[in-house]
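Biologist: I am new to this structure and would like to go through it by question and answer. May we begin once it is on display?

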Amino acid sequence: DWTPASFVEETVQALQDQLGDDRVVLGLSGGVDSSVAAMLLHKAIGKNLTCIFVDNGLLRKYEYENVLDSYKHMGLNVIGVDAKDLFLGQLNGVSEPEQKRKIIGRVFIEVFDAEAKKITGVKWLAQGTIYPDVIESVSVNGPSATIKSHHNVGGLPEKMNLKVVEPLKLLFKDEVRRVGNEMKISPTILGRHPFPGPGLSIRILGEITPEKVALLQDVDHIFIEGLRSHNLYDQVWQAGAMLLPVQSVGVMGDERTYESVVALRAVASTDGMTADWVHLPYEFLGRISNEIINRVKGVNRVVYDISSKPPATIEWE
Ligand code: XMP
């Protein structure tokens with residue numbers, strides 16, 4: 001019978017047999033899968049596991065500090081890499097969505113590889129691949145692949161010449177959460193909404209600048225914290241804000257304004273392949289809209305995205 005406890009016990013044993021005294025490197029994303037994979041490896045091989053968490057400058061507000069802190073609390077050996085300037089520099093002037101994804105994928109591999117090379121004698125790359133990823137990557141060669149090239153740590157193993165270990169390869173998401181819970185990983189990490197590898201870059205339509213990132217971080221923070229404080233966070237599969245490349249006219253006091261528009265998006269889904277927009281309460285949307293316009297300089301209009309996937313996708317780029 002499959003239970004989280006027996007899975008942890010058997011997997012830790014299997015990892016010890018497989019890895020012996022070898023050193024392993026793992027890329028943490030702040031998400032559920034890589035966190036649970038890291039914890040299993042930590043239990044199995046302790047300090048022979050080194051985790052790397054990269055700040056690509058496109059994370060949510062306070063995310064880098066918060067995630068790094070919570071991993072350190074869990075006892076993991078984590079290296080935080082501040083690569084904000086590198087990513088934003090490479091993205092400078094780029095507005096085409098696929099090009100953004102490719103640049104971020106390439107820079108991530110470069111940064112991760114350089115960091116991993118500093119650890120002596122690493123033989124393995126651990127990944128938080130879960131069963132649906134395995135299936136999806138089969139279809140990556142099919143026609144649907146061209147819709148959006150998803151960047152996780154795709155090209156890493158080939159580039160790094162390391163053996164790959166994937167302890168969650170046979171699990172579904174709900175099982176991963178149960179295993180995480182069994183190992184006492186915090187509910188905040190286990191319940192986190194999915195967040196794309198390219199981060200806020202695919203929610204800033206058009207060119208990315210540090211100012212736009214900062215603005216969107218503020219908007220997103222108000223929205224997500226609002227969902228939490230109104231007990232809506234767990235009823236939504238994923239949520240976020242998009243910064244549109246248009247300005248619209250507004251009025252503040254006696255002054256005409258000409259400022260940015262942001263779109264809020266919240267969806268219900270089970271796997272991200274299809275999604276419905278969530279009927280968030282008008283009362284809530286009204287408050288959040290006011291809060292954003294009052295507190296975030298440069299935004300004078302908020303709209304709510306009521307499109308489902310298909311035909312719209314979850315991310316706007
Ligand atoms: P779309 O926008 O295709 O997104 O409806 C479906 C789900 O995938 C996430 N997403 C990504 N995740 N790397 C990721 O790790 C990516 O490049 C990427 N693009 C989209 C998206 O946030 C949603 O959960």
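Biologist: Does N161 count as buried or exposed?

Modeller: In this predicted model, N161 lies in the loop between helix 7 and strand 5 (163-165). Its phi is near 60°, a positive value in a residue other than glycine. Because N161 has 9 C-beta neighbours inside 10 Å, N161 counts as exposed.

Biologist: In which loop is N231 found?

Modeller: N231 has a positive phi of about 55°, although it is not a glycine. With 8 C-beta neighbours inside 10 Å, N231 counts as exposed. The loop that holds N231 is the one between helix 10 (210-229) and strand 6 (238-252).

Biologist: What span should the 21 residues of helix 5 have?

Modeller: Helix 5 covers residues 97-117.

Biologist: What arc around the axis do the buried residues of helix 5 cover?

Modeller: The buried residues of helix 5 are K100, R101, I104, G105, F108, V111, F112 and A116. They lie on the same side of helix 5, because they cover an arc of only 140°.

Biologist: Which residues are exposed on the other side of helix 5?

Modeller: The buried residues of helix 5 are covered by elements including strand 1 (23-28), strand 2 (49-55) and helix 4 (84-91). On the other side of helix 5, the exposed residues are Q99, A114 and K117.

Biologist: How many residues does each domain give to the contact between domain 1 and domain 2?

Modeller: The protein chain is divided into domain 1 (4-190) and domain 2 (209-304), and their C-alpha centres lie 28 Å apart. The contact takes six residues from domain 1 and, from domain 2, seven residues.

Biologist: Which residue does a cis peptide bond join to K309?

Modeller: A cis peptide bond with omega of about 5° joins P310 and P311, and P311 is found in the segment after strand 9. The cis peptide bond at K309 has omega of about -15°, and its partner is P310.

Biologist: Over which residues does pLDDT stay under 50?

Modeller: The mean pLDDT of the protein chain is 94, and 94% of its residues reach 70 or more. Where pLDDT is low, the predicted coordinates should not be read in detail. The stretch with pLDDT under 50, for which the model has three contacts beyond four places in sequence, is residues 140-145.

How values were computed. Residues numbered from 1 in each chain as written. Predicted model: local features only at pLDDT ≥ 70, side-chain atom pairs only at ≥ 80, totals over all residues. Domains from an automatic or database assignment. Contact = placed C-beta atoms within 7 Å. Helix = DSSP H or I, 4+ residues; strand = E, 2+ residues; numbered from the N terminus. Expected span 1.5 Å × (residues − 1). Buried ≥ 20, exposed ≤ 12 C-beta atoms within 10 Å, placed from the backbone. Arc of directions from axis to C-beta. pLDDT = per-residue confidence, 0-100.
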